[in-house]
Number of protein chains: 2
Amino acid sequence: MRHSDKEQQILSEAVRLFSKNTYYKTSVREIAESVGLQKQSLYHYFRSKEDIYFKLVHMVLTEAVDKLKTVVNSNLGFIEKFNHVLALHLYHLSNNRGKVSLQLFMNRDMFDSTRRAELRSLEKQLDQMFRQLLREGQISGSFRSDLDIPVLQYVITGMFNYMERWYSPNGRLSLEQILHIYKILLLNGMLTPEQKTREQG
Amino acid sequence: MRHSDKEQQILSEAVRLFSKNTYYKTSVREIAESVGLQKQSLYHYFRSKEDIYFKLVHMVLTEAVDKLKTVVNSNLGFIEKFNHVLALHLYHLSNNRGKVSLQLFMNRDMFDSTRRAELRSLEKQLDQMFRQLLREGQISGSFRSDLDIPVLQYVITGMFNYMERWYSPNGRLSLEQILHIYKILLLNGMLTPEQKTREQG
């Protein structure tokens with residue numbers, strides 16, 4: 001197995017164990033054993049348990065930013081772009097539930113200042129992607145322009161992040177149904193009256 | 001000073017110290033000293049640091065439930081009631097920022113099962129207050145009836161809870177301005193077309 005494949009295997013086993021038993025109660029030895037390594041050999045891949053945690057959060061944030069960037073910077077019409085971003089982010093969260101929980105509940109003190117700054121920068125980029133999209137909505141005349149963009153972004157982020165607490169893949173509603181409600185709420189909440197007539201027509 | 005007054009003093013000093021230095025880095029001795037007690041005397045009021053934490057979370061949840069209950073069960077017209085609930089909860093969160101953070105980030109494992117159940121029940125009551133309100137909105141014909149009530153409640157709760165991360169009393173926008181945006185978003189998002197015309201008229 002290639003070095004990078006083993007690294008990926010360690011990361012997926014780690015996120016599984018952290019989700020099952022919490023980060024604090026999972027030992028490096030357990031992670032090593034679950035991928036068929038001695039504890040000492042695992043240190044060829046990661047310096048420490050914190051190092052694994054950092055990598056997982058870094059991965060999930062980078063993936064979210066990269067995905068959104070492609071759509072936000074695309075040539076799609078605005079409403080199509082907005083719907084696409086909502087869907088993309090919803091599926092991203094649901095496909096990465098373990099890593100997203102680690103991100104939302106991380107204790108930043110466990111990382112050094114360089115790593116804290118790196119994660120902070122990714123989080124800011126994610127916020128900025130949503131703000132750029134909302135700004136495009138207001139400039140293009142799709143969204144009413146009297147609503148403060150950072151607050152709108154926080155509402156959207158809060159709505160998505162809170163899913164960590166209640167969403168289950170085995171739950172009563174499918175992701176498509178949840179997405180449909182989010183779209184109705186947000187579009188009705190932000191579209192200008194003219195746009196609403198057009199969307200319904 | 002009466003026993004209950006001293007208890008209140010301990011609780012407010014504890015929340016101040018937890019917010020400043022985190023719960024884990026605050027010792028019972030520090031809490032005792034900040035209210036002019038010996039560590040041993042503080043145990044006349046609270047059994048442990050966990051006991052103080054529990055009391056603070058219990059207080060903030062009970063207060064939220066009681067406040068909302070009064071308005072949700074009142075005879076106000078629906079839209080007025082809805083706006084009143086949003087305002088009340090927003091001010092509740094902003095007046096209790098320290099306790100709300102403790103609630104949102106509590107490690108439930110520190111409490112025994114009776115206390116965990118007690119907190120869970122209060123959280124459920126809070127969710128139920130919002131759901132009862134949303135149901136009234138749909139039944140009275142104010143809100144469109146095709147949106148799932150638990151999901152709407154999670155959107156509202158998520159929007160409010162996320163403020164813990166970004167809202168500051170010294171921030172760019174006042175609470176009134178934030179409330180205004182929340183009302184526009186939620187009412188436009190949920191009102192039926194007929195109601196919208198009436199509200200704007």
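Student: What volume does the second largest cavity have?

Tutor: This is a predicted model, in which local features need pLDDT of at least 70, side-chain atom pairs count only at pLDDT 80 or more, and totals for chains, interfaces and linings use all residues. Residues are numbered from 1 along each chain as its sequence is written, chains are lettered from A and ligands numbered from 1 in the order in which they are written, and side-chain values use heavy atoms, with hydrogens and water left out. The second largest cavity has a volume of about 60 Å³, where a volume is the space filled by probe spheres set on grid points that are joined across faces, edges and corners.

Student: Why is a space called a cavity and not a pocket?

Tutor: On a 1 Å grid over the protein atoms alone, a cavity is a set of points where a 1.4 Å probe fits but cannot get out, whereas a pocket is an open set with protein on both sides within 12 Å along at least five of seven lines; lining residues have an atom within 4 Å of a point. Two cavities of 30 Å³ or more are found in the whole structure.

Student: Which residues lie nearest the centre of the largest cavity?

Tutor: They are Phe105(A), Asn161(A), Tyr162(A), Phe105(B) and Tyr162(B), out of 14 lining residues. The volume of the largest cavity is about 260 Å³, and its lining has six nonpolar, four polar and four charged residues.

Student: Why do Arg172(A) and Asp148(B) count as a salt bridge?

Tutor: The rule asks for a side-chain nitrogen of Lys or Arg within 4 Å of a carboxyl oxygen of Asp or Glu. Across the interface of chain B and chain A, two salt bridges are found.

Student: How many residues of chain B are in contact with chain A?

Tutor: With contact meaning heavy atoms within 4.5 Å, 32 residues of chain B are in contact with 32 residues of chain A.

Technical notes:
Ala, Val, Leu, Ile, Met, Phe, Trp, Tyr, Cys and Pro count as nonpolar, Asp, Glu, Lys and Arg as charged, and the others, Gly among them, as polar.
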